[in-house]
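Hi everyone, thanks for coming. Let me put the model up on the screen, and then we can walk through it together.

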2 protein chains.
Amino acid sequence: MSQSSLEPVENRLLARLPEEELEHLLPHLEPVSFALGEVVYESGGQQSYIYFPTTVIISLLYMMENGSSAEMGVAGNDGLVGIALFMGGDTVPNRAVVQSAGDALRMKTKVLQDEFARGGTFQRLLLRYTQALMTQMSQTAVCNRLHTVEQQLCRWLLLSRDRLNTDELVMTQELIANMLGVRREGVTHAAGRLQENGLISYVRGRIIILDRSGLEAAVCECYRVVKDEYDRLLV
Amino acid sequence: MSQSSLEPVENRLLARLPEEELEHLLPHLEPVSFALGEVVYESGGQQSYIYFPTTVIISLLYMMENGSSAEMGVAGNDGLVGIALFMGGDTVPNRAVVQSAGDALRMKTKVLQDEFARGGTFQRLLLRYTQALMTQMSQTAVCNRLHTVEQQLCRWLLLSRDRLNTDELVMTQELIANMLGVRREGVTHAAGRLQENGLISYVRGRIIILDRSGLEAAVCECYRVVKDEYDRLLV
DNA sequence: GCCCGTCTGTGCTCTAACACACATATAGCG
DNA sequence: CGCTATATGTGTGTTAGAGCACAGACGGGC
């Protein structure tokens, strides 16, 4: 019997499958745990598994030639990691890194592809999820162009919060800076302001969201656009 | 008989279909022309057609609440416009605008969805194209975060050039500024430098690429990443 | 050939964010 | 308890780009 955090229904994509399809997949789902910072897959590498997060949060990062990086999307218990496997690409040009430690269920690539090809609810869900992720990526592009670091930090905190069961996030400012593709000092500054305003508190890699609605007031429209699209596509 | 610019094989996605699948689709493809600046579909609107560009180039834009905009992707004769129609979303939260006047072939939504559901080469191609577009979107996010306006202008010119048959692009700096999500003066400045270096020439909404390899030397890595991914997925 | 609308160039100021260089604080370990 | 890694705060330039205000410059229509 799986533990609570590894129940398939802990992943909201799997939870939406009709019972018979889920029954069919269950034997192929295998629990795995991930530590903070772990690399789930490397840019350009072959992937043997697709992952359905239950409690883990995984960032999709692009690594620049000069070593700097920027996040293009994030996946948690609302989705999966390894889209390229059913989209026909086999590999993707980005790295997937654990942003918040936790568990996931994994499925062999071959099984996934066969299930996808059957074309049922499973296929439909994966495609709708992919579209939601595209919205997230494109909105990240817009946000990077037009909004301040502080707004982006709010967006990022809220997106992370929505994929967790707790208001406490374990992540350093350095890590967040890598995700957002900004300097660590920029995060210090923005986080300092949020703390002054009583929206968050943080100490040494431990952020606590104190005032969620305050964050929502401070964030740019990008957060809501992405959230609404996820809600619309994955109900 | 269609004119040259409306031959189905003018669209590289359609050109890759095996003959029998193409024969099957031909009766459902209908030529249309688009003028510069025309809105192909509006954010959130229902779409009756999917479009396969032959000579037209279409930008996918996000419109901010405050009226400013930024491009999240571009589609030309290498792809299609209306991904949401087969991904299951029906509508998307962005606007599609004609960036360069030209022709396309359109197909009714219902026909498209039925063809897609058959799961043959057509489905496979559409999914692979979608993945390529995701790379473009995510790379746009990275580029917006990390690179200068001049680099982005180079990227944008090259991406446009690759979807045309000519080195002459008809577009004002104002228009480009809207696409890139920067000020018009910023484009003037960057374009001025490219002109000084003999890479392009422009006069009143008419840009001529004089030195393609020079542009490729000035562009950031983002262009190559996107191009390589298109080549890889859509061979 | 002239006019007027559209495009492009330029010159300011202002600000967010970068780059670099440290100072300080905290947790966990011996 | 003290040491040291790691995490965070701060200060001083510098810079890219925004915002605004015009000045020219071209070009199609009359």
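Let's begin with the sheet in chain A, where 3 strands make an open sheet in the order β1-β7-β3, with antiparallel pairing. When I say strand or helix, I mean a DSSP run, at least two residues of E for strands and at least four of H or I for helices, numbered from the N terminus. Strands count as paired if DSSP finds at least two bridges between them. The edges are β1 (30-34) and β3 (49-53) of chain A, each pairing on one side only. From one strand to the next, the twist averages 40°.

A word on the source: this is a predicted model, where local features need pLDDT of at least 70 and side-chain atom pairs count only at pLDDT 80 or more, while totals for chains, interfaces and linings use all residues. Residues are numbered from 1 along each chain as its sequence is written, and chains are lettered from A and ligands numbered from 1 in the order in which they are written.

Back to the sheet. β1(A) and β7(A), residues 102-108, pair over 5 bridges in the antiparallel sense, and A:Glu30 sits opposite A:Arg106 in β7(A). Helix α4 of chain A, residues 109-118, packs on this sheet and touches β3 and β7 of chain A. Contact here means C-beta atoms, placed from the backbone, within 7 Å.

Next, two helices of chain A. α6(A), residues 149-162, and α7(A), residues 173-180, pack at about 100° with axes 11 Å apart. Axes are lines fitted to C-alpha atoms, for helices over the stretch in contact, and angles run from 0 to 180 degrees between N-to-C directions. So α6(A) is roughly perpendicular to α7(A), a label for angles of 65 to 115 degrees. A:Trp156 is among the α6(A) residues there, and A:Met179 is among those of α7(A).

How do the two chains meet? The contact takes 35 residues from chain A and 35 residues from chain B. On the chain B side, α5(B) gives the most, with 15 residues.

Technical notes. Two residues are in contact if their C-beta atoms, placed from the backbone, lie within 7 Å. Angles under 35 degrees count as roughly parallel, over 145 as roughly antiparallel, 65 to 115 as roughly perpendicular and the rest as oblique.
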